[in-house]
Amino acid sequence: MTVLLWSIILALVVVIVLLYAYTVRLLKKMEGMLDAAGEDTFSEKTFDESRFSRLESRMYRYLVSGATAKRQLSAEKDGVKALVSDISHQTKTPIANILLYTQLLGEDASLTKEAGEIVGQIERQTEKLSFLIQSLVKTSRLESGILAVQPKKNHVGKLLLLAEEQFLAAAEAKDIVLDVSAPEEIYANFDAKWTLEAVANLLDNAVKYTPAGGRITVGAACYELFVRIDIQDTGIGICEEEIPKIFQRFYRSPAVAEEAGVGIGLYLVREIVMRQGGYLKVTSVPGKGSAFSVFLPR
């Protein structure tokens, strides 16, 4: 009886050892498959009716399907980039010519008042079209990586002064006070060109949606991990339920539907800031104004 019991135990041990060895070999094969899949060098090696062969065949089909989908997606992205680039190139000269012709017509003293208003409308719509195309090109290049942000240590005060230069005349034309505080001691890590684009878009909106006699305040504050740039206005404000939507591409609030704009500026601001490791915060009260805070890493 004892001999039989030991024989059974020995047989069980042998079975367990064989199962363990088989499991180890199987896991090593699967690890090799996954490593090869990660390196895009996977190919089907086992051709029989075993369960492992079926697993290998399924993984091979899955990876081939994924690689095909990836190539198609890449081809589509390249096609969109090429299309946007072509549109930008092909429309640049016609738009410039239309603007030139409308300016020449506007200087014609023989034009009637009604004709002058039509010429003015043509000029404004052409400028809007030009702005839309340029915004799409910038967004496309940023998203595709053609123009990547390259953050480095830069002076925040210099950034704010450059932004002020762009919009001081527009603010004065609307009788808006543009108060820019440019601290000398604050630095942050950001791409100077792209971040200026983001701040300029925020200032453009502030000037556009602040009525005559209003005020726009721009400043910066330094924290342990981030530098905060604040752009605060006394404009029309934003409803609380709309704040999550304003950074969506082409979103236009019903409250500003009649104003010039295409709804891509804030989307571009968010993309630029996020790609540099920063983030945005918005507070607003309808009828009293808005405050946009840009947080850039130090």
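Visitor: What percentage of the 298 residues in the protein chain is buried?
Guide: This is a predicted model: local features need pLDDT of at least 70, side-chain atom pairs pLDDT 80 or more, while totals for chains, interfaces and linings use all residues. Residues are numbered from 1 along each chain as its sequence is written; side-chain values use heavy atoms, without hydrogens and water. Buried means under 20% relative accessible area, exposed over 50%, partly exposed in between (1.4 Å probe, protein chains only). In the protein chain, buried residues come to 33%.

Visitor: How many helices and strands does the protein chain have?
Guide: Both are DSSP runs, numbered from the N terminus: helices are H or I, at least four residues; strands are E, at least two. From the N terminus, the order is α-α-α-β-α-β-β-α-β-β-α-β-β. The tally is 6 helices and 7 strands.

Visitor: Which strands are the edges of the open sheet of 5 strands?
Guide: Pairing takes at least two DSSP bridges between two strands. The sheet has mixed pairing and the order β2-β4-β5-β7-β6. An edge strand pairs on one side only. That leaves β2 (177-180) and β6 (279-285).

Visitor: At what angle to β2 does helix α4 run?
Guide: Helix α4 covers residues 156-173 and lies across β2, β4 and β5 (226-233). Angles run from 0 to 180 degrees between N-to-C directions, with axes fitted to C-alpha atoms, for helices over the stretch in contact. Against β2, the helix α4 runs at about 170 degrees.

Visitor: Which strands does helix α5 touch?
Guide: Helix α5 (residues 192-208) packs on the sheet. The direction of α5 makes about 20 degrees with that of β5. The strands touched by α5 are β2, β4, β5 and β7 (289-297).

Visitor: Which residues of α6 make the contact with α5?
Guide: The axes of α5 and helix α6 (residues 265-274) come within 9 Å and cross at roughly 145 degrees. Contact means heavy atoms within 4.5 Å. From α5 come Trp194, Thr195, Glu197, Ala198, Asn201, Leu202 and Asn205. From α6 come Gly265, Leu266, Leu268, Val269 and Ile272.

Visitor: How many disulfides does the structure hold?
Guide: Cys222 is partly exposed, at 38% relative accessible area. Cys239 is partly exposed too, at 31%. A disulfide needs a pair of cysteine sulfur atoms within 2.5 Å. The number of disulfides is 0.
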